[in-house]
Amino acid sequence: MAREADDERYAYLGAPSDSTGWQYGQAGSVGADLRIDCWLDVRDATIQRARFEVFAGEQARCAALALAQWLEGRDLEQARAVNGLDIAAMADMADEARSQALCIEDALQAAMNATRTDRR
Amino acid sequence: MSAQPYLDYAATTPLDARVAAVMRQFHGPEAHFANPASRHPAGRKAAAAVAEAEAQMLSMLGAPGYRITWTSGATEADNLAILGFARALAKRDSARRRILVGAADHSAVLAAASACREYGFDVVSLGVEADGRLDIDALKAQLDDTVALVSITHVNNETGVIEDIAAISEWVHAHGAKLHVDAAQSAGRIPLAANAMQADFISLSAHKFYGPNGIGALCHHPAVRLEPLLHGGGQQRGLRSGTLPVALIAAMAQAFQLADDAAEQARQRALQTRLREGLGNLGGVVLNGRRDGSAHILNVSFAGVHGAALQSALADLAVGFGSACSSHHGPSHVLRAMRRPDALAHAAVRLSLGRFTQPDDIDQAIEFISRVVSELRASSPVWREIDQGESVASVYAVTTPLEFA
């Protein structure tokens, strides 16, 4: 069971092994002790795959994982409508962790506004 | 993990069986259970046990002629030394009205010094270097004939950094000030000679060296004046009222006599090196302290790992995050004083070893921590940048030198 959970995390957390063609955005900073990076594989205005890199606490990791799973197969309009409250609700985040949900939202928005990248 | 290694000896140590045996001698109706303030034979026997314990402590400390005031622990001893001395000076209207403390000192020292402001004292916090050692130039610059007391931690409870008390003592006494040494982490671990250190006050805590909880001591020079913090029956020359806990006192003296010898210190140093090198293999592991610090404490920060995530993942491992003696959360004031950025200070782990630590404990901890750190780094954007060639100092905007494990 634990292994399955780990596999699920690896599928959605961390940078893509080959980031060619992915859209990338980041929010937060090391100085703020909170940084979220978002990677989106978008084709025909639909999110094929989504991944998050998380420099934050466990609740933010859970929220990013839940959001990445939810984003798969959604069109960009649906993704643009997601806000921090939705993200916090997805992972049942405590009130004091909600600033992290806003950071996840910012990273998602930044990735959606980015152009496809050829970075690896 | 199959078994939980205990690597939090700096927070507290288990009671040594030999110490527990001494305590049992004072339990039960046939034992020396009486109040040592009583004048009957049973009371006199209890008083003799306390006197013997005091003699043992002073002998081990190399401090003949000093006094021992028994306290509930090092926190109370720190308060009695700092606040008790300040109140005594205030009562005499002394012109010495400044107290110097180390910015990386234990919160018991910092809070006690801060409380002295009520009596008209100025408190100056002395900075530390990036490796955790006291900034000696800052100390020298502050010393003058208005300084009443300087308080220094012998071995820092978070980093294990050892201060050169003998040298500091010379400068302090040259200006007529008194020196308090918080020896909670050094007592029982490294040689501690009051005469050699020339300290006027030394704070001790039994549970840090395999004695029982609830007993500590302030060892002080007989020439210094103190005002009591606790009032009542006038026990302990009026300095600390309250019935003496004879079993705890005898146990503390016994625990102090069983202090780590050179062989045990070398054994712990070898284990600490094994731990530092094992964790260092991960790369990006910042040493918070010095390699020549106390053998029982290793403090490292894992670059690229978020502190809160690390603490959640290591919740089942008996290690320290900041000081267990403080209820405050967030990055430690010690690491902040060393100018570690909050994100790096937040990702610090204190691993502290002891008499019962075995190589297997070290290997288990290395394996478990390495797995956790690798997993967290695999999804960290900060670690990705470091892994791609950015330096830790650049990513964290550190402006002071960093040493890696």
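From α9(B), L271(B), R274(B), L275(B), G278(B) and L279(B) meet P359(B), I362(B), D363(B), I366(B), I369(B) and S370(B) of α13(B). Contact here means heavy atoms within 4.5 Å. The residues of this contact divide into 7 nonpolar, 2 polar and 2 charged. Nonpolar covers Ala, Val, Leu, Ile, Met, Phe, Trp, Tyr, Cys and Pro; charged covers Asp, Glu, Lys and Arg; the others, Gly among them, count as polar.

Before moving on, some ground rules. This is a predicted model, where local features need pLDDT of at least 70 and side-chain atom pairs count only at pLDDT 80 or more, while totals for chains, interfaces and linings use all residues. Residues are numbered from 1 along each chain as its sequence is written, chains are lettered from A and ligands numbered from 1 in the order in which they are written, and side-chain values use heavy atoms, with hydrogens and water left out. Helices (H or I, at least four residues) and strands (E, at least two) are DSSP runs, numbered from the N terminus.

Stay on the helix pair. α9(B) spans residues 262-280 and α13(B) residues 359-378; they pack at an angle of about 20 degrees, with their axes 10 Å apart. α9(B) is therefore roughly parallel to α13(B), a term for angles under 35 degrees. Axes are lines fitted to C-alpha atoms, for helices over the stretch in contact, and angles run from 0 to 180 degrees between N-to-C directions. The crossing of α9(B) past α13(B) is right-handed: the near helix is turned clockwise from the far one by less than a right angle.

Next, select strand β9 of chain B, residues 297-302. Here 6 of the 6 residues are buried, so the strand is largely enclosed by the rest of the structure. Buried means under 20% relative accessible area (1.4 Å probe, protein chains only). Show the side chains: I297(B), N299(B) and S301(B) point one way, and L298(B), V300(B) and F302(B) the other way.

Two strands pair if DSSP finds at least two bridges between them. Strand β8 of chain B, residues 285-287, pairs with β9(B) in the antiparallel sense over 3 bridges. Strand β10 of chain B, residues 348-352, is also antiparallel to β9(B), over 5 bridges. Click S301(B): V286(B) stands opposite, and in β10(B) its bridge partner is A348(B).

Now the open sheet of 7 strands in chain B. Its order is β1-β7-β6-β5-β4-β2-β3, with mixed pairing. The edge strands are β1 (67-71) and β3 (122-126), each pairing on one side only. Neighbouring strands are turned by 20 degrees against each other on average, direction ignored. Helix α2 (residues 41-61) of chain B packs on the sheet, touching β1, β6 (201-205) and β7 (216-220); its direction makes about 115 degrees with that of β1(B). Further in, β4 (residues 147-153) and β5 (residues 178-182) of chain B pair in the parallel sense over 5 bridges. V150(B) has L179(B) as its bridge partner in β5(B).

Zoom to F201(B), in strand β6 of chain B. Is F201(B) buried or exposed? F201(B) is buried, with a relative accessible area of 0%. Not counting residues up to four places away in sequence, F201(B) touches residues including F85(B), L149(B), L179(B), V181(B) and L218(B).

Last stop: chain A. Chain A has 5 helices and 3 strands, in the pattern α-β-β-β-α-α-α-α along the sequence. Of its 120 residues, 49% are buried.

Conventions. Buried < 20%, exposed > 50% of the residue type's maximum accessible area, 1.4 Å probe, protein only. Parallel < 35°, antiparallel > 145°, perpendicular 65-115°, else oblique.
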